Amino acid sequence: MQISVVIPLYNEEESLPELTAWIERVMQEHGFTYEIIFVNDGSTDGSQQVIRDLAANNPAIHSIAFARNYGKSPALNEGFKMAQGEVVITMDADLQDSPDEIPELYRMITEDGYDLVSGWKQKRYDPLSKTIPTKLFNATARRVSGIKNLHDFNCGLKAYRRAVVKHIEVYGDMHRYIPYLAKNAGYKKIGEKVVHHQARKYGTTKFGLDRFVNGYLDLATLWFQSKFGIKPMHIFGLLGSLMFAIGFLAVLAVLILKIVSICSQHYHFYVTNSVYFYLALAAMIMGLQFFLTGFVGELITRNSPERNNYLIAEQF
Ligand code: UDP
Ligand code: MG
């Protein structure tokens, strides 16, 4: 099978028939062997019935329906597990992404050798309240992830070599950073294609403004994981040592002050009057905590099934 189209959806009953007909038309025109996997993320409208009806007419249509709404990332993750095509294409169900892009995306993966190609909605049809924060978000993501050539991390329309989706785990809200996940998993050839974007035709957006706050927090998590995920002691141990060093200097300062005051017969000088005393106390406690966090982190990574999971490029 050449192409798997994975479509996460949450209450999109109006769009589904049109979207399906469009994908079918493109696939037939180009003679692709394909499957469409609808991952119904706990829709409460009639989406699942619509999917059943569509599947009755086309054996290439498959569906996974969650019992409740888990989110776009879990939906993608389950769709990825099921996908069998040589190239896996994800798109949103709301008709904002165009199935006409599929043939070129397929070609970029199979002929140009990309591991992942992300759509770029160069001209967006979303409200300004969304496009401006998105620009900022993408600039930060580019810097932190080191994937300098991507303009649009969170485009729903993406294409992957099958191995990529089988090796990454999309969880929480991490669908925004799939290129970063892929890069961390060892897939370096990440490209971009300008895609057409349309205003939402039916229904409403499923994400509010909290996407930006959560987006930044997730980026911090991913950065930390990629830097120190398998060696947490390297960061916590460093911070702990720094704190202990500050603490020791402060203790030294307190001792010197005390000795000086005794020698000069200022017997009423108490160490608790010195700012260094409190500095020493705080720094020592923080240092200890950093070290303990480091040890606990090491124990956790020791138990992680991922700890010895490497992507091998070549082996003789
Ligand atoms: N979606 C989903 N689960 C959710 C929220 C959204 O499967 O909890 C789907 C949604 O149905 C759509 C895609 O994810 O197919 C993108 O959502 P949306 O169009 O609302 O996002 P936007 O285009 O506003 O960024
Ligand atoms: Mg949308």
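The dialogue below goes from the domains to the helices and then to the ligand.

Modeller: This is a predicted model, in which local features need pLDDT of at least 70 and side-chain atom pairs count only at pLDDT 80 or more, while totals for chains, interfaces and linings use all residues. Residues are numbered from 1 along each chain as its sequence is written, and chains are lettered from A and ligands numbered from 1 in the order in which they are written.

Biologist: Which domains does the domain assignment give?

Modeller: Domain bounds come from an automatic or database domain assignment, and here the assignment gives domain 1 (3-228) and domain 2 (233-302). Their centres, taken over C-alpha atoms, are separated by 50 Å.

Biologist: How do the axes of helix α9 and helix α10 cross?

Modeller: Helices are DSSP runs (H or I, at least four residues), as strands are (E, at least two), numbered from the N terminus. Axes are lines fitted to C-alpha atoms, for helices over the stretch in contact, and angles run from 0 to 180 degrees between N-to-C directions. The axes of α9 (residues 233-263) and α10 (residues 275-302) come within 7 Å and cross at roughly 160°. Angles under 35 degrees count as roughly parallel, over 145 as roughly antiparallel, 65 to 115 as roughly perpendicular and the rest as oblique, and α9 and α10 are therefore roughly antiparallel.

Biologist: What about α1 and α2?

Modeller: The axes of α1 (residues 16-30) and α2 (residues 47-57) come within 10 Å and cross at roughly 30°, which makes α1 roughly parallel to α2.

Biologist: Which residues come nearest to ligand 1?

Modeller: A residue is near a molecule if its C-beta atom, placed from the backbone, lies within 6 Å of it. There are 17 residues around ligand 1, of which Pro8, Tyr10, Ala93, Thr205 and Lys206 come nearest. The elements giving two or more residues to this shell are β1 (3-9) and α3 (72-82).
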